[in-house]
Amino acid sequence: MDFLLSLQGVIAGYGAGDILKGVDLDVSPGTVTCLIGPNGAGKSTVLKTISGLLRPRTGDVRFKGEEINRLAPRARLLRGIVHVPQDRSLFPAMTVWDNLLMGGYVVKDQKAVRRRIDEAAAVFPICTRRAHDQAGSLSGGEQKQVELARTLVLDPGLILLDEPSIGLDPKSRHQVFASIRRLAESGRTVLLVEQNARSGLAASDFGAVLESGVVRLVATGASLLEDPEVARLYLGAGRATALTMGGITPDTGRSPSTITSEGAR
Amino acid sequence: MHALIQGIILGVLTAGVYALMASGQTLIFGIMKVVNLAQGAMVILGAYLSYQLFTSFGIDPLLAIPITTVAMFILGVAVQLLFLRPLKAEDRSELSLLVTFAVALLLEGIMSVTWKTSVRSINTGYANSSWTVFGYQITLVRLWAFLLSIAALLVLYLLLNRTRFGRAIRATVQNPESARLLGVESSRVSALGFGLGAATAAAAGSVYGLLYPFNSGSHYDLISRLLSIVLLGGLGSIGGAVVGALIVSTSSAVVASAISPSWSEMTFFVILLLVLLIRPQGLFGTTARGAI
């Protein structure tokens, strides 16, 4: 199978220390994959290594078969990898419309940018409704919708989302995960990091458990949710509360990936 | 009452040039978190360039602005590339104070050697023309200076709000990491932004040279005023710089006209101290990013 993104033996970190200690991970096109794991496992670092904010010390990051280890973030963006960081990433004193325009900053063809903004606005109506309002005046959930819409302006091959539900109220969280499912249904590929593991896995086709800088387990989101060991270690006690909302449970008709103790392979 | 209104007219007309100088200063701070202590020296260099173009070629300082702004834009980009870019990001805010002060001294030295230290002024044919409107005197040169400063601020506003480059600057000011993730090259924006700040200094310098006599040491007085205006308005806010300039300029002129010129400087510093005591972030500190 041709993977859209492949990480092989990626070791990366800041200063002298390694945070990722040999990450192996494959992402298939058109799927949503959720990275879960304890704090400090290196989940956000994986995304930074893919978007180019951090370069791996060793190992391979491949996108559409091309090794992109040494490419600058801008070059990766031009190849279609867009990264939405954990903190609010809109420009608060710019209008929603200007924020969307910034989503296509690297795109030379301005007509294409306008067309994609219209398409994104069709998926996320808030973009039309609040087009001329300052982004900072939107609620947290609305800002997240605009952030997701902004990624579409690049017509991305891969969307990296770092903790998309952080700081949101339950209703907004619900909307965000529903939006992620809509992205997947329209053929986008999403890799997300989520502390709210139950909701993240429920919205994902696949899940990967990252622990101490290594991917320990890869399986379908549904099977990870049902795995008692995963539930005990990473999902917390209590019954699954995630995504009882209608219509957004992912397609779990796929045959589960092999669950290994050494990562995706 | 007459003196008060005359003071307000004078203050408002003078405010434009200070707003222009301070907008460059605040723009540079907004983009790079660099307090540019060379901004005053750049204004004076702009004034000297206008002076030279006027005395050597007879070019009116107001018409010389396109030439001086382009020259100073290039100088600004060069200063950023040579002296500021090599600084590590984590030390930049502190070290840039020393570096830009050194640049100010370097420019002062170059100006002293080139134009000597005697005081210069640009005396155009309309330098002493004035109109009397309802009993209030409006000098033509100040009116021109005001209109030109407003036009330059308008150009800056349109550049920041209506162009792709302007959007990139505002994005960098508001959320540098996010801007980088969307493909904005912060180093390029910083260099061009510093150039833009220097270009506004050049435009302001041409106007300043028309209004006041100057020499190479005039930048010390200017930079203290500029920093005060920018602090008053809120670091990083162009709208704040305009309001700060209006307050500084009008209060100085009103006190000078109505009471005594010797009190005018002090009045402004009292206002600055009060504002900083009550609102340390400046008048527009919290909404600073909105203006840029």
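**View 1. A:S212 in a loop of chain A.** A:S212 is partly exposed, with a relative accessible area of 43%; buried stands for under 20%, exposed for over 50%, and partly exposed for what falls in between, using a 1.4 Å probe and protein chains only. The loop that holds A:S212 runs between β9 (206-211) and β10 (214-220) of chain A. Helices (H or I, at least four residues) and strands (E, at least two) are DSSP runs, numbered from the N terminus. Phi of A:S212 is near 50 degrees, a positive value in a residue other than glycine.

A note for all the views: this is a predicted model, in which local features need pLDDT of at least 70 and side-chain atom pairs count only at pLDDT 80 or more, while totals for chains, interfaces and linings use all residues. Residues are numbered from 1 along each chain as its sequence is written, chains are lettered from A and ligands numbered from 1 in the order in which they are written, and side-chain values use heavy atoms, with hydrogens and water left out.

**View 2. A:E163, with a positive phi.** Here we visit the loop between β7 (158-162) and α7 (170-185) of chain A, where A:E163 is found. A:E163 has a phi near 50 degrees, a positive value in a residue other than glycine. With a relative accessible area of 5%, A:E163 is buried.

**View 3. The salt bridge of A:R57 and A:D18.** The two side chains meet at 2.6 Å, N to O. A salt bridge here is a side-chain nitrogen of Lys or Arg within 4 Å of a carboxyl oxygen of Asp or Glu. A:R57 sits in the loop between α1 (43-51) and β4 (58-63) of chain A and A:D18 in the loop between β1 (5-12) and β2 (20-27) of chain A, so the pair ties together parts that are 39 residues apart in sequence. Both residues are partly exposed: A:R57 has a relative accessible area of 39%, and A:D18 has 35%.

**View 4. Further salt bridges of chain A.** Over all chains, the whole structure holds 13 salt bridges. In one of them, A:R62 pairs with A:D60, the closest N and O atoms being 3.6 Å apart; A:R62 is partly exposed at 30% relative accessibility. In another, the side chains of A:R130 and A:D133 meet at 2.4 Å, N to O. A:D133 is partly exposed, its relative accessible area being 29%. A network of salt bridges links A:R130, A:D133 and A:E142.

View 5. B:S130 has B:T139 in β2(B) as its bridge partner. Two residues lie between the strands of this hairpin, in which B:F134 takes a positive phi near 50 degrees.

**View 6. The largest pocket.** The largest pocket holds about 360 Å³ of space. Among its 15 lining residues, B:I31, B:M32, B:R92, B:S186 and B:S190 are the closest to its centre. On a 1 Å grid over the protein atoms alone, where a 1.4 Å probe fits, a pocket is an open set of points with protein on both sides within 12 Å along at least five of seven lines, and lining residues have an atom within 4 Å of a point. Grid points are joined across faces, edges and corners, and the volume is the space filled by probe spheres set on the points. The largest share of the lining, three residues, comes from α8(B).

Terms used:
Two strands pair if DSSP finds at least two bridges between them.
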